[in-house]
Amino acid sequence: MIKMKKILFAFAAMITLAACGNKQAVAPAEGDEASNEVAFEVAKNYFFKNDQEIPASPKITTAEEFGKLFGMATTMGKDGKPTEIDFTKQFVLAIVLSVTNLATEITPNRLEKKGDTLFYFYDAKVGEAQTYSTQPISLIILDKKYADKTVVMVNEQVKDYYAAVERYLAEQIAGYYAKGEYSVPVYQEVAVNDSDSTDIRIWGDFWVYNYKQEGDILKCVSGGSHPGLMHISQIGENFYVSDFEQVEDGSRFLPTAKRIFGEYFGTFQIHHNDGDEHESLRHDVLRAFVRDHGLTATMYQDYGWPAKELK
């Protein structure tokens, strides 16, 4: 079970973060029983309701739960009706990303069954800014006989473990904060151990910032710090975060930080307490984000503070 720690800015609404109910899975090893592809159908003409929190698990097994999260987007034409889903015989795997005005395309590629685990391979391609915001979603329908399987999501755009960290922060953490147009992950690495491809470990101070652009200024809407240890696994050419051990809040901060960081605790404290280092890193990450996504912003600003130039 993964407990999500959040430090919201004062102007952001406090949101209770749901714990992930999926047990962790290990990627198939060489020489193991061959994986089996699982058939699925793409569900069309649905939208995610904007008053709901992004679900912690991709698995949706009841009509009641589905109806709470998604609405029907009926359009004209023969393909305008929402795909029918019979929850007595089927269930849904849902990918729901944060609201954004970056052109985003989610493509389900394949499902592979390995023992008690389903590996769901998909693409989530992010492009340049649009003049409007959307909430990207993708829904696929499976036979209910697979509903008890553990589901591991594998973004096939992620070809190294640092990209896996960034995608995890942007796709799994940012959505629990007040919505912006852009989610920008920033992390300070404390230590890394990549000797075992089934459990690559990265200790760090992981941050997420959500921004809206007003004029030429990126204004910070919400964000927070998530120090801890990310466990990353490799499957083929792809990487995914298999577990995230987070430092807890309040009186539990120091004991959990010492336990999680271990021999690296002193290094973590140096990075965590160095505001200038973090601000310099955030500036550089934002500047690269603006460049890579074709944004026009030249400054960024936190609530209640003067705007800073993106030099």
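**View 1. Antiparallel pairing of strands β12 and β13 in the predicted model.** Strand β13 covers residues 217-235, and β12 pairs with this strand in the antiparallel sense over 15 bridges. Within this pairing, K212 stands opposite K219 of β13. The hairpin of β12 and β13 has two residues between the strands. In this hairpin, G215 adopts a positive phi near 65°.

**View 2. Strand β12 with its partner β11.** Strand β11, residues 182-193, pairs with β12 over 11 bridges, and the sense is antiparallel. A hairpin of six residues joins β11 to β12. Strand β12 itself comprises residues 200-214. Of its 15 residues, 12 are buried, so β12 is largely enclosed by the rest of the structure.

**View 3. The open sheet of four strands.** The strands are arranged in the order β2-β9-β6-β4, with antiparallel pairing. In general, strands of a sheet pair through backbone hydrogen bonds, in either a parallel or an antiparallel manner. Which strands stand at the edges? These are β2 (41-43) and β4 (59-60); each has a single partner strand, so one side of each is left without a neighbour in the sheet. Strand β6 spans residues 90-96 and pairs with β4 in the antiparallel sense over two bridges. I60 has V92 of β6 as its bridge partner.

View 4. Is V154 buried or exposed? Its relative accessible area is 0%, so V154 is buried. Apart from neighbours within four places in sequence, V154 is in contact with F119, Y120, F121, Y122, I235, N238 and Y240. The C-alpha atoms of V154 and D123 lie 8.5 Å apart in space, while the two residues are 31 residues apart in sequence.

**View 5. Packing of helix α3 against helix α4.** The packing of two helices is described by the angle between their axes and the distance between the axes. Helix α3 (residues 253-261) and helix α4 (residues 265-272) pack at an angle of about 125°, and their axes are 9 Å apart. Helix α3 is therefore oblique to α4. On the α3 side, the contact is made by F253, L254, A257, K258 and F261. On the α4 side, the contributing residues are F265, F268, Q269 and H272. The residues of this contact comprise six nonpolar, two polar and one charged.

Methods:
Residues numbered from 1 in each chain as written. Predicted model: local features only at pLDDT ≥ 70, side-chain atom pairs only at ≥ 80, totals over all residues. Heavy atoms only, no water. Axes fitted to C-alpha atoms, helices over the stretch in contact; angles between N-to-C directions. Parallel < 35°, antiparallel > 145°, perpendicular 65-115°, else oblique. Contact = heavy atoms within 4.5 Å. Nonpolar A, V, L, I, M, F, W, Y, C, P; charged D, E, K, R; others polar. Buried < 20%, exposed > 50% of the residue type's maximum accessible area, 1.4 Å probe, protein only. Pairing = 2+ DSSP bridges.
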